[in-house]
Amino acid sequence: MKKWFFTLVALSALFIITACGSSDTIIETKAGNITKDDLYEEMKKYYGDRVIEQLVEKKLLEDKYKVSKDEIEEELENIKEEFNSDEEFELALTQQGYDNVDQLKEDIRFYLLRQKAATDGIEVTDKKLEEFYNENKDKFIEVEARHILVKDEKKAKEIKEKLDNGAKFEDLVKEYSTDTATAANGGKVGKVTADSQMVPEFIEATLKLKEGEISEPVKSESGYHIIKADKRTEKTLKNDRKAIEKRYLQEHAKPYDEVREKLFKEAKIKVKDDQFKDLFKFDDENKKDD
């Protein structure tokens, strides 16, 4: 989930530009004043196409689909689970340009509207879901893990031998790990899934571990990892059908560019501003005009 959190496009400009559009003075200088109209025209010039497309898209999606507060809160909690602490989540929020969590919630709502449009009409049957689950079991495994990272294989093997002889994992993290981001927290890397943004060798080795098991040294571009699985969770159709169905829909979703173009075409949009007269014209329409 962290993956899509970092790719969400903040929509703050949407609300800034729609709030503009009057002659009220917002800045006074000796050289003259800046009005809301000035700001509106400048923003329209540089950001108009993108903002107007998103405004229209959002309006059309809201007319066809509904997203509840509970759905937004559930998605927000899924995002938060990917972080080791509230502080880490708040820092990521700031780094991505959000002033507060309400702005993130609005982007989540837009994201969920798009998801509903892209998955509209996809049939989910017991048979299809069972086949999907059996073919993708690795995608439904979560491992809460920690690791010790060192540069060379010899040192990694020495550390593994100490662990086999009863040394505490957390003590060896402090003594040897070169991963400064996790060393202070006992080497914890959080939940590891097939979608985690980590080196593939690390993910593959972690998902194979049983709960409490410690890996042999695992080589990656970062060095040599010794990984411990603190907790392992495997979703099942019996207990987690909703989550598996959600994953099924996401992986069978229609390409969103095609969905959006169809949405625009069916809306019979009329553009009143000459600057944007060609914004909602598509290739087939342009050919007719030639």
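This report describes the fold of one protein chain and some of its residues, taken from a predicted model.

## Basis of the model

Residues are numbered from 1 along each chain as its sequence is written, and side-chain values use heavy atoms, with hydrogens and water left out. Because the model is predicted, local features need pLDDT of at least 70 and side-chain atom pairs count only at pLDDT 80 or more, while totals for chains, interfaces and linings use all residues.

## Overall make-up

The chain has 14 helices and six strands. Helices (H or I, at least four residues) and strands (E, at least two) are DSSP runs, numbered from the N terminus. Of the 290 residues of the chain, 35% count as buried. Buried means under 20% relative accessible area, exposed means over 50%, and partly exposed lies in between, with a 1.4 Å probe and protein chains only.

A contact means heavy atoms within 4.5 Å. Among contacts in the chain with a separation of 6 or more, 68% are between residues 24 or more positions apart.

## Strands

Two strands pair if DSSP finds at least two bridges between them. Strand 1 (residues 25–29) and strand 2 (residues 32–35) run antiparallel and are joined by four bridges. These two strands form a hairpin with two residues between them. Thr29 stands opposite Gly32 in strand 2.

Strand 3 (residues 141–150) pairs with strand 4 in the antiparallel sense, over four bridges. Here Val143 stands opposite Val192 in strand 4. Strand 4 (residues 188–192) has four of its five residues buried, so it is largely enclosed by the rest of the structure.

Thr206 itself is in helix 11 (residues 200–208). Its relative accessibility is 0%, so Thr206 counts as buried.

## Helix 6

Helix 6 (residues 101–119) has 19 residues, and at 1.5 Å a residue it should span 27 Å; its end C-alpha atoms are 26 Å apart, which agrees. The expected span is 1.5 Å times one less than the number of residues. Asn100 caps the N-terminal end of this helix, with a side-chain oxygen 3.1 Å from the backbone nitrogen of Asp102. After helix 6 comes Gly121, whose phi is positive, near 90°.

The buried residues of helix 6 include Leu104, Ile108, Phe110, Leu112 and Ala118. Two charged side chains lie over the face of Phe110: Lys58 at 6.0 Å from the ring centre and Arg114 at 4.3 Å. A charge sits over a ring if NZ of Lys or CZ of Arg is within 6 Å of the ring centre and within 35 degrees of the ring normal.

## Aromatic pairs

A pair of aromatic rings is described by the distance of the centres and the angle of the planes. Rings of Phe, Tyr and Trp (its six-membered ring) pair if their centres lie within 6.5 Å; planes under 30 degrees apart count as stacked, over 60 as edge-to-face and the rest as tilted. By this rule the count comes to five aromatic pairs.

Phe132 and Phe140 form an edge-to-face pair, 6.1 Å centre to centre with 75° between the planes. Phe140 also pairs with Tyr133, and this pair is tilted, at 5.6 Å centre to centre and 35° between the planes. Phe132 and Phe140 are buried, and Tyr133 is buried as well. Ring pairs link Phe132, Tyr133, Phe140 and Tyr248 into a cluster.

Glu266 is found in helix 13 (residues 256–266). It is partly exposed, with a relative accessible area of 47%. A polar contact of 2.8 Å joins its side chain to that of Lys262. A polar contact is a pair of N or O atoms within 3.5 Å; within protein, one must be able to donate a hydrogen and the other to accept it, and residues adjacent in sequence count only if both atoms are side-chain atoms. Glu266 and Leu60 are 206 residues apart in sequence and 9.9 Å apart in space, C-alpha to C-alpha.

Lys268 lies in the loop between helix 13 and helix 14 (283–289). At 71% relative accessibility, Lys268 counts as exposed. Most residues other than glycine have a negative phi. Lys268 has a positive phi of about 50° although it is not a glycine.
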